[in-house]
Amino acid sequence: MDSKIGALEACKPACCDLGSPPYNGTVSTILNSVPSTFLDSFEASLGRHVARRLVKIGLTDVFTVPGDFNLTLLDHLIAEPGLNNIGCCNELNAGYAADGYARSQGVGACVVTFTVGGLSVLNAIAGAYSENLPVICIVGGPSSNDYGTNRIVHHTTGLPDFSQELRCFQTVTCYQAVVNNLEDAHEQIDTAISNALKESKPVYISISCNLAGLPHPSFSRESVPFSLAPKWSNKMGLEAAVEAAAGFLNKAVKPVLLGGPKMRVAKACDAFVELADACGYALAVMPSGKGLVPEDHPHFIGTYWGAVSTAFCAEIVESADAYLFAGPIFNDLSSVGYSLLLKKEKAIIVQPERVVIGNGPQFGCVLMKDFFRELAKRLKRNPTSYENYHRIYVPEGHPPKAEPREPLRVNVLFQHIQKMLSSETTVIAEAGDSWFNCQKLKLPRGCG
């Protein structure tokens, strides 16, 4: 087997000195045996710059599917010591792997080839967009020499229109960069990565196949450090929001807390637990937020999902005179066909950067984690809602033991799945029967 990822002649760099390191990672041995001009140009190439940028933002792994438009780029990514190339069997798998990596590590990346690969990964990128995940989708694009020539290239739909793939990505990414010249490549790549991290959404970067191996002064070995200005809450807005929310909740007799899926993108899960510890309210989670709230918390009462909630959970939530929702999404599924028995005037809705209190005031430029930490200092401890839950709670029974040769029952199956869970487990629930049944699982701390 060839020891390197090769490239078609049409997509090779114009400089014939540039080559590719071997798969096995022994880059230094080979590079030390070649002239320093080769080393300098290889280290200062566009592809190596992309690799270093991915490492700078915390990536150690990138998920890839080779294709002749991205082979030179992959050679340079593989040569980066801090980056591990994980080959995938198809683009959709690569996209979903990057999605999962972003959930776990904060940002993910995948590399595919032009159009035939880009359109294949599109559904995973759309999913990452809906879940507010910063996934950097890098596509090996057509040669920069082919732009504007009216040529038809392979792996396309047979049209001389190189923007077809781009137009598909425009609706499911927050930024798109088409790198077909070296002069602004540095700026485009940094802007794309910055947008992914700031917006917590996927971005699309297309890199012309003949440019990945070319050097440029802006791709120096020690590139300009990558950094983002931190987000801050507006101090006056934060103070006003906390004061209004504290007054609203401290007047309530039996308030409750509910965690939603946008706590993850707001990085506010720990702050939410601090709030729950301080106030003593009953603590529930929305179905798409399961795993973001520790289920061993002493005041945890289960999943609130309207008529299909965990036993006794809906009774406590819907009878409360105030509820704080942290990062909720009220769609047709999470609201059981928009049938939740909730009243807007009783609710505080906290989104990643906005707080809405009942039918009254709204406060923007307020970060969720800052709001929770400040609110925890102002709330009177009130465990009434949890005490009411504890009063009506009846422990779950155990399903009868299955008889020999008896058909497997769902409740028996999930009893076995429950025993398999640990702090090192992650549950992936398909949006069907398993989604409903997995809500009944009790996740150990650390299990997502």
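A crossing of two helices is called left-handed if the near helix is turned anticlockwise from the far one by less than a right angle. Keep that in mind for a helix pair further down. What you're looking at is a predicted model of a protein chain with 448 residues.

**The chain as a whole**
- Buried residues account for 49% of the chain.
- The chain exposes about 21,200 Å², and carbon and sulfur atoms supply 55% of that.
- Take the contacts between residues at least 6 apart in sequence: 71% of them join residues at least 24 apart.

**The sheet**
- Six strands make an open sheet, and if you walk across it you meet them in the order β2-β1-β3-β4-β6-β5, with parallel pairing.
- At the edges sit β2 (84-87) and β5 (175-179), each of which pairs on one side only.
- From one strand to the next, the twist averages 20°.
- Inside this sheet, β3 (residues 108-113) and β4 (residues 135-141) run parallel and are joined by six bridges.

- Helix α3 (residues 46-56) lies across β3, β4, β5 and β6 (203-208). Relative to β4, α3 runs at about 170°.

**A pair of helices: α10 and α12**
- Here's the pair to which the opening definition applies: α10 passes α12 in a left-handed crossing.
- The axes of α10 (residues 269-279) and α12 (residues 368-376) come within 8 Å and cross at roughly 15°. Angles under 35 degrees count as roughly parallel, so α10 is roughly parallel to α12.
- On the α10 side, the residues that meet α12 are D270, A271, F272, E274, L275 and A278. Their partners in α12 are K369, F372, R373, L375 and A376.

- You'll find Q188 in helix α8 (residues 185-199).
- Q188 has 14% relative accessibility. Buried means under 20%, so Q188 counts as buried.
- Setting aside its neighbours within four places in sequence, Q188 is in contact with Y175, A177, V178 and V179. As for where that stretch lies, the edge strand β5 covers 175-179.

Technical notes. Residues are numbered from 1 along each chain as its sequence is written. This is a predicted model: local features need pLDDT of at least 70, side-chain atom pairs count only at pLDDT 80 or more; totals for chains, interfaces and linings use all residues. Side-chain values use heavy atoms; hydrogens and water are left out. Two strands pair if DSSP finds at least two bridges between them. Helices (H or I, at least four residues) and strands (E, at least two) are DSSP runs, numbered from the N terminus. Axes are lines fitted to C-alpha atoms, for helices over the stretch in contact, and angles run from 0 to 180 degrees between N-to-C directions. Contact means heavy atoms within 4.5 Å. Buried means under 20% relative accessible area, exposed over 50%, partly exposed in between (1.4 Å probe, protein chains only). Accessible areas come from the Shrake-Rupley method with a 1.4 Å probe; for residues, only the protein chains shown count as cover. Angles under 35 degrees count as roughly parallel, over 145 as roughly antiparallel, 65 to 115 as roughly perpendicular and the rest as oblique.
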